[in-house]
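Hi there,

Here is the structure I promised to pass on. Have a look at it first, and then read my notes below.

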Amino acid sequence: MSYSLIIAETRKGEFQEGNFDPLYLSDIVGLPSYILLPEGEYGILRGSCDKVIVAPLKEGEFLNPLNIIRLLERTFQAFGEPSAILLPHCSFGIDVAPYVAGRLGWPIITDISGFCRGEEGEIFIKTLYSEKINGHFRLKEGMRFVGTVRKGVFPKVAEVVKETLFEEAPSIEKDPRRDFIEYIEEEIEDVDITKADLLVSVGRGVKEKGNIPLFEELAALLGGVLSCSRPVADRAWLPKARQVGTSGKTVRPKVYFALGISGAFQHIAGMKDSDVIIAVNKDPSAPIFQYAHYGVVEDMHRLAQKMIENLRDQK
Amino acid sequence: MEVVVLAKWVPTTQEEELKIIDEGRSVDLEEVPFRMNEWDTYAIEEAVRIVKEHGGVGWVISMGSEDADTALRRGIAMGLERGVLLETEEDLIDPFQRAFIFKNLLQKKGIKFDLLLTGGQAEDDEFASTGGVLAGLLEVPYASMVIGIEEISGGEITLLRELEGGLMERVKMALPAVVSIQTGINEPRYVSVTGVLSAAKKERDFLSAADFMEGAKGLLQLIRVEIPPPKEGAEIIGGDLDGKVSGILNILKEKGVYK
């Protein structure tokens with residue numbers, strides 16, 4: 001019987017939570033699951049998959065599409081060819097999955113967030129058009145593909161307990177054309193947005209740098225801290241240390257007050273555990289309204305102006 | 001240095017309410033404005049800077065309807081020299097197929113590159129895959145989500161990849177290579193409308209994608225599109241502006257973050 005091969009991400013030796021979604025998807029599809037990993041101890045995986053295959057590679061050598069493809073060729077020889085190669089949808093998965101698909105000549109579906117099986121066969125769902133549309137995709141030539149899976153979307157299939165075998169992957173000659181040199185940590189800034197009780201967070205809707213002071217004032221009047229989504233940090237309108245989301249900070253304030261943020265999943269992932277989320281957006285179809293507790297359909301500038309006026313009057 | 005950028009002309013859907021048409025098979029984009037894919041703007045800027053520093057020729061290549069010529073003109077207006085459009089009216093959504101067509105173009109037309117840049121993802125299909133698949137098909141090194149190019153010398157490139165939670169990794173690769181660019185890597189230069197218009201005088205190659213389909217099978221089929229089923233969703237605070245403001249302030253007070 002075929003199987004799915006999950007290529008897992010570790011960072012600084014730590015097994016990443018996002019690896020569980022490809023694993024659970026594999027259970028839902030109904031394939032035996034083999035997990036491929038760099039050197040390390042993976043006792044936590046006992047019972048959750050059929051095989052743990054540890055590659056004789058250090059993390060920096062393993063997290064490299066050029067070495068992974070060599071490893072796959074040897075792994076296929078040793079364990080047979082899988083029906084699915086699954087990775088977490090993250091900086092590692094998105095580095096490796098397309099390259100592997102190109103080398104193998106297999107189809108690729110990235111950022112899978114749903115799966116169903118019906119008359120039309122097996123359907124994989126991913127978002128399109130700023131996450132406003134779900135696309136239902138079918139593999140034209142049957143179950144053989146490379147996929148990355150969105151974090152936190154697939155539940156564990158109840159009471160799957162497996163007899164996990166621990167194996168070693170064959171060794172490979174490393175590809176000299178790409179080398180990991182080092183990790184670089186972000187510089188520490190004056191404000192730590194992860195410590196704030198109230199975050200006033202601005203997104204693409206802020207439109208230009210000259211509008212930032214308005215929201216700085218709003219945050220100050222409310223006694224909160226100003227943070228932002230990716231487009232604002234990309235343009236250096238606010239420092240990177242203020243960015244909420246997967247590539248920035250994960251925050252859990254008492255109130256997350258989002259203005260002009262559409263709600264890309266990378267942003268949602270960084271703030272969804274806030275006690276209360278209030279979203280202001282002029283577009284009633286903005287995805288953020290699906291995740292917020294309270295929504296206000298309004299232009300963020302108009303609302304901020306009015307709010308500042310009211311707050312000043314009260315002082 | 002020969003630097004090639006793959007750029008896509010995409011619908012701007014961030015602030016649009018989208019409608020499904022064609023019995024659930026496609027999205028109505030008739031009224032939606034199009035623009036250069038945001039990630040690709042950063043990739044073009046990076047290419048312009050690299051060519052300026054190292055010499056050589058910068059290319060912008062796009063695939064799509066004839067409107068996608070605007071992507072070429074924007075790329076040229078920003079400072080690239082050559083433009084190639086692979087014209088097709090088909091909605092080619094499968095990134096494997098798209099990458100294969102690009103591979104055929106590069107090989108059949110003898111376009112050699114030291115560095116091929118793509119945006120980290122396209123705003124419309126969000127696959128983030130064309131560059132990586134192309135690198136795999138061409139068997140050249142690949143790095144994605146690149147947030148800094150530090151050095152290009154001696155046939156090697158040193159770059160920074162953006163990881164999660166503020167972490168980055170420094171990577172060295174041999175050229176030729178494919179690199180996908182993350183937004184925020186640079187500050188793309190402003191290009192005026194007249195700049196884009198006058199770029200129309202520059203020579204561009206208009207080819208038919210149909211001539212580069214050999215072996216480029218679609219392996220993936222989009223059988224249906226739907227508006228995502230609503231989750232629990234937000235409780236909407238309505239009313240006039242005053243009502244909205246006091247509604248928000250009440251919640252902040254209730255939660256004890258504003259007194």
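Ring pairs join A:Phe15, A:Phe20, A:Tyr24 and A:Tyr42 into a cluster. Rings of Phe, Tyr and Trp (its six-membered ring) pair if their centres lie within 6.5 Å; planes under 30 degrees apart are stacked, over 60 edge-to-face, and the rest tilted.

Before the rest, some housekeeping: this is a predicted model, where local features need pLDDT of at least 70, side-chain atom pairs count only at pLDDT 80 or more, and totals for chains, interfaces and linings use all residues. Residues are numbered from 1 along each chain as its sequence is written, chains are lettered from A and ligands numbered from 1 in the order in which they are written, and side-chain values use heavy atoms, leaving out hydrogens and water.

Over all chains, the whole structure holds 12 aromatic pairs. In one, A:Tyr34 and A:Phe79 have ring centres 6.3 Å apart and planes at 75 degrees, so they are edge-to-face. This pair links distant parts of the chain, 45 residues apart: A:Tyr34 is in strand S4 and A:Phe79 in helix H3 of chain A. (Helices, H or I with at least four residues, and strands, E with at least two, are DSSP runs numbered from the N terminus.) A:Tyr34 is buried at 13% relative accessibility, and A:Phe79 is buried at 18%. Buried means under 20% relative accessible area, exposed over 50%, and partly exposed in between (1.4 Å probe, protein chains only).

Lysines meet rings too. The charged end of A:Lys126 sits over the ring of B:Phe127, 4.6 Å from its centre, and B:Lys108 lies over the face of B:Phe212, at 5.3 Å. Such a charge has NZ of Lys or CZ of Arg within 6 Å of the ring centre and within 35 degrees of the ring normal.

Best wishes
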